[in-house]
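These are my notebook entries on one protein model, written down in the order in which I looked things up. I wanted to go from the whole chain to its sheets and helices, and then to a single residue.

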Amino acid sequence: MVTHTGTAFTGERCLVTGPGGYIGGRLVPELLDAGYTVRCLARTPAHLRDHLWADRVDVVRGDVTDADSMRAALRDVQVAYYLVHSMSSGRDFEETDRRAARIFAAEARAARVRRIVYLGGLTPADIPDEQLSRHLRSRAEVGRILLESGVPTTVLRAAVVIGSGSASFEMLRYLTERLPVMVTPSWVSTRVQPIAVRDVLRYLVGSARMPRDVNRTFDIGGPDILTYRQMMERYATIASLPRRLILPVPMLTPRLSSHWIGLVTPVPSALARPLAESLRYEVVCTEHDIAHYVPDPPGCPAPFGPALALALKRVRDAQVVTRWSSAALPGAPSDPLPTDPNWAGGSLYTDERERDVATGPEALWRVIEGIGGENGWYSFPLAWCLRGWFDRLVGGVGLRRGRRDAARLRVGDALDFWRVEEIERGSMLRLRAEMRLPGLAWLEMYAEKDGDAGSRYRQRALFYPRGLTGQLYWWSVAPFHAVVFGGMARRIALAAEQSTCAGDGDGRNRTVAVDATVTGGGEGRPHA
């Protein structure tokens, strides 16, 4: 929990854009606890439904690039949080960011919003914007657009955010844990000023109370200024790892660095590149004026060491509230499962499997909901690994995003190279594929009661091909479905039965792995 100072303006409503993202998903409960009424803007409102705070907020469907939906979302709003960024590397992402910021600014002004709060990136003081990376330049431009909106605006600029599940933390964690000897880019010697996520949230909440005459940027950072190399060395110490040997190599460009990060960590190269580009520059706070408006309580901002230790504890205790993968990546398919009337005339291929299970549906459901991440996919691990590696090779997310929580899923969660599209708790899980495919794909798993003590497992894979390439793809992989999908169905049923044997008769104690050689796998509430 973040410590709040002062009280909220009575009856004030805050709009949070990006509530399904890493920061937005953590900011919403903090605003609620501070006494604000919260409205969330989401392209897919259903993705927010399983958050613990979902029944305490007003959720509206919309997009920051759509003026009509923004107009409706900003009605009767006093404080508007702008927490959306385009993380793609396409040619037009800067124009998309620019257009979205202009729409947001214009509609906020028309709605007489009292304050805009924006979280951007810390940029080097001595480098002109035109010499910055495209992503940092775009963040700075969005800040300027909002500051010139006519609405009093607070722009918070942060460098590396340290918290369980943040992309920066995941990069640091995996690079340090997996590589005892590292050949690294030269940016490991660049100084940065990291900040704990709980301090970011404290400043975001506190910014809502700033006086109307405040319209400016604020640099926010922790008390430590470190090189990335020093951060890796400190991580190794805190995580009780042997000393790491780090060998900087100057010829590793940001593009090569992003592929190197994508190879070693769960962070895909498309997201790693803007992170790597930002680390090329020395990003150190030039002021701490934010403390005049949002006073720092004792011990805050948190030093790097305690912030890192707390983040690591959250990961080990499976208390990660949001992750970098909480927000859908650009280019990932977002179409809902097709229905027969809407998709009539198109090809929709399916692979369906059923198994009788000699245990109740409760035990079967626990295996279904626990799939992926460290538990794997219960069939032919080499096939899943090869598919994950190929996906990363062509710029996809790969199989290593893991899970936010080891036992429980919620709608919108990333799950390796899938995303949870729908859950009917205890009976159905539907996943939508986010790997690179010439079409759209889903995987459904059902736990159904069958008789007095048994259950039935049903599994359905669906694929909607795009063009001839999609058709060829389906038929080229169809011969392997018996091994991959058939094996999955058998092993899930067996895992449910074995969990009952290992538990107290109804599977309540634990779910056991069928066999470490056949499951395969990937990676693994107070703020950290």
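**Entry 1: the whole protein.** I began with burial and noted that buried residues make up 57% of the 528 residues in the protein, where buried means under 20% relative accessible area, exposed means over 50%, and partly exposed lies in between (1.4 Å probe, protein chains only). I reminded myself that this is a predicted model, in which local features need pLDDT of at least 70, side-chain atom pairs count only at pLDDT 80 or more, and totals for chains, interfaces and linings use all residues. Residues are numbered from 1 along each chain as its sequence is written, and side-chain values use heavy atoms, with hydrogens and water left out. The protein exposes about 21800 Å², of which carbon and sulfur atoms supply 53%; such areas come from the Shrake-Rupley method with a 1.4 Å probe, and for residues only the protein chains shown count as cover. I then listed 16 helices and 19 strands, which are DSSP runs numbered from the N terminus (helices H or I, at least four residues; strands E, at least two).

**Entry 2: the parallel sheet.** I traced an open sheet of seven strands with parallel pairing, in the order β3-β2-β1-β4-β5-β6-β11; two strands pair if DSSP finds at least two bridges between them. The edges are β3 (58–61) and β11 (216–219), and each has a single partner strand, so one side of each is left without a neighbour in the sheet.

Helix α4 (residues 134–147) lies across β4 (79–82), β5 (115–121), β6 and β11, and runs at about 165° to β5. Helix α6 (residues 197–207) also packs on the sheet, where it touches β4, β5 and β6 and makes about 155° with the direction of β5. For such angles, axes are lines fitted to C-alpha atoms, for helices over the stretch in contact, and the values run from 0 to 180 degrees between N-to-C directions. I checked the burial of α6 as well: 10 of its 11 residues are buried, so this helix is largely enclosed by the rest of the structure.

Entry 3: I compared helix α5 (residues 167–178) with helix α11 (residues 304–316), which pack at an angle of about 85° with their axes 12 Å apart. That makes α5 roughly perpendicular to α11, a label that covers 65 to 115 degrees, while under 35 counts as roughly parallel, over 145 as roughly antiparallel and the rest as oblique. On the α5 side the contact is made by Phe 169, Leu 172, Arg 173 and Glu 177, and on the α11 side by Phe 304, Leu 308, Ala 311, Leu 312 and Val 315; contact means heavy atoms within 4.5 Å.

**Entry 4: the antiparallel sheet.** I followed six strands that form an open sheet with antiparallel pairing, in the order β14-β19-β18-β17-β16-β15. Here β14 (349–357) and β15 (414–415) stand at the edges with a single partner strand each, so one side of each has no neighbour in the sheet. Helix α12 (residues 361–369) packs on this sheet and touches β14, β16, β17, β18 (439–450) and β19 (454–465), its direction making about 155° with that of β18. Strand β18 is mostly covered, as nine of its 12 residues are buried. With β19 it forms a hairpin that has three residues between the strands, and Gly 451 in the turn has a positive phi of about 85°. The two strands run antiparallel and are joined by 12 bridges.

Entry 5: Is Leu 429 buried or exposed? Leu 429 is buried, with a relative accessible area of 1%, and it is found in strand β17 (residues 428–433). Its bridge partner in β18 is Met 445, and β17 and β18 form a hairpin with five residues between them. Leaving aside neighbours within four places in sequence, Leu 429 is in contact with several residues, among them Trp 365, Ile 368, Ile 371 and Leu 409. Leu 429 and Ile 368 are 61 residues apart in sequence, and I noted 7.5 Å between them in space, C-alpha to C-alpha.
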